[in-house]
Amino acid sequence: MILISNYQNTRLTNQIFKLLPMYEHGEEWEKQLETIVLELHGYNDMFNNNAQFMILIAKLLALQYIEEQVSFRKVVFEALSILKEIKI
């Protein structure tokens with residue numbers, strides 16, 4: 001197994017991390033989340049339904065139900081940890 005490319009991993013990491021300031025400043029973070037999830041679905045299709053991509057997608061979609069800033073931050077960092085471990 002190999003890790004997704006450094007470029008892809010760094011770009012996705014930055015996109016996920018960007019959710020934090022958007023959420024904290026009341027910006028439209030949901031649109032950013034939708035873009036990330038769509039891209040991850042594409043990777044999941046490319047790599048034959050890799051379970052780790054589905055776990056990451058589920059973690060990110062859970063952000064829609066969080067009402068506390070501390071919990072939001074926690075889940076974002078959990079998602080980043082999952083992304084770091086994805087192997088294909």
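## A pair within one helix

Glu78 and Lys74 join their side chains in a salt bridge, 2.9 Å from N to O. A salt bridge here is a side-chain nitrogen of Lys or Arg within 4 Å of a carboxyl oxygen of Asp or Glu. Both residues sit in helix H5, four residues apart, so about one helical turn separates them. Helices are DSSP runs (H or I, at least four residues), numbered from the N terminus.

Lys74 is exposed, at 52% relative accessible area. Glu78 is partly exposed, at 26%. The cut-offs are under 20% for buried, over 50% for exposed and in between for partly exposed (1.4 Å probe, protein chains only). Glu78 and Lys74 also belong to a network of salt bridges that takes in Lys59.

## About the model

This is a predicted model, in which local features need pLDDT of at least 70, side-chain atom pairs count only at pLDDT 80 or more, and totals for chains, interfaces and linings use all residues. Residues are numbered from 1 along each chain as its sequence is written, and side-chain values use heavy atoms, with hydrogens and water left out.

## Other salt bridges

The structure holds five salt bridges. One of them pairs Glu24 with Arg73, with the closest N and O atoms 2.7 Å apart. Glu24 lies in helix H2 (residues 19-24) and Arg73 in helix H5 (residues 69-85), so this pair ties together parts 49 residues apart in sequence. Glu24 is partly exposed, at 35% relative accessibility. Arg73 is partly exposed too, at 32%.

Lys31 and Glu28 form another salt bridge, at 3.1 Å from N to O. Lys31 is exposed, with a relative accessible area of 56%.

## Two packed helices

How do H3 and H4 pack, and at what angle? Helix H3 (residues 29-46) packs with helix H4 (residues 51-61) at about 165°, and their axes are 10 Å apart. Axes are lines fitted to C-alpha atoms, for helices over the stretch in contact, and angles run from 0 to 180 degrees between N-to-C directions. H3 and H4 are therefore roughly antiparallel, a term for angles over 145 degrees.

Which residues meet? On the H3 side they include Leu33, Ile36 and Tyr43. On the H4 side, Phe53, Met54 and Leu61 are among them. Contact means heavy atoms within 4.5 Å. The residues of this contact divide into eleven nonpolar, two polar and no charged.

Conventions
Parallel < 35°, antiparallel > 145°, perpendicular 65-115°, else oblique. Nonpolar A, V, L, I, M, F, W, Y, C, P; charged D, E, K, R; others polar.
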